[in-house]
Amino acid sequence: MTTTLTKPEDAAPPVRKSRKPRAARAGGHMHGGPIAYAILVLFSIGSLFPLVWTAIAASRDNNRLAQTPPPFWFGSNLFHNLDVAWTDANLGEAFVNTTFVAGVSALTIVFLSTIAGFAFAKLRFRGRGALMLLVIGTMMVPPQLSVIPLYMMVAKLDWTDQLQAIIFPSLVSAFGVFFMRQYLIQALPDELIEAARMDGASSWRVVWHIVFPAARPAMAVLGMLMFVQTWNDFLWPFLVLTQTGNPTVQVAVAGLGRGYTPDQSLIMAGALLGTLPLLLVFAIFGKQIVGGIMQGAVKG
């Protein structure tokens, strides 16, 4: 046997290690630098400052808030002011009313918007484009223009100081219809609907068993947005409700500001109490909502 010797220059060159960053490798994660973290910290502080300042103001008295410079740390009157605001503004009944109104409005808007969005996204019918433009056009009309005719209608129905005066005008949302249409255009394949039609599924069966499961992430996001919007609504409830009748949270908190010299610390305490349920809801369902947004982005 003869042995062939290989010269060093004929040997295969050594494999060089890749100098690409981890973010460029398959399956790697991008890591932010110090500038990115600094920007995120600044934006976080700016976002949390109004809430923190509300809590600080709620823990002081009215005289201290009128001084210059204003306080930048918590005082000792927080729980006292919260108790007074809860009692004087009748916030217990207001929380129940607002939860009921916001829950009914959010569920109805999500249900009707999903059905209408599916119709505009996947069904073919005459005048679909014109009707969609009409829906979008209603979003351009300032809501203040409808206050007077809507109040005349509510007064004629004898609904003043009743919760149905708040619920019925908010059962449909043009934004919700447009939002669900845009989502279902990409998230719901036409082939899936055609397969269900070939199996003999009716339109309502397609909606219940195909559209609703496919639109679940967008429905969760829309429901959260509509719940927060209804909870924070002030103008219309303030016009048709009273603090002593069936108040919502915003109407009840507005009653704390009445008087010759409004107590700003009590107003801040009421505002803090009105904000806490929204923070609790987002703390519980925030992960699902953000996951729904990301899932919708991946599908799109």
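User: How do you know that the span of helix H11 (residues 216–232) agrees with its 17 residues?

Analyst: The expected span is 1.5 Å times one less than the number of residues. For the 17 residues of H11 that should give 24 Å, and the end C-alpha atoms are 24 Å apart, so the two agree. Helices here are DSSP runs (H or I, at least four residues), numbered from the N terminus. This is a predicted model: local features need pLDDT of at least 70, side-chain atom pairs count only at pLDDT 80 or more, and totals for chains, interfaces and linings use all residues. Residues are numbered from 1 along each chain as its sequence is written, and side-chain values use heavy atoms, without hydrogens and water.

User: What makes Lys-122 buried or exposed?

Analyst: Buried means under 20% relative accessible area, exposed over 50%, partly exposed in between (1.4 Å probe, protein chains only). Lys-122 has 14%, so Lys-122 is buried. Asp-190 has 36%, so Asp-190 is partly exposed.

User: Which residues is Leu-188 in contact with, leaving aside neighbours within four places in sequence?

Analyst: Contact means heavy atoms within 4.5 Å. Among the partners of Leu-188 are Phe-118, Lys-122 and Ile-193.

Notes. Helices (H or I, at least four residues) and strands (E, at least two) are DSSP runs, numbered from the N terminus.
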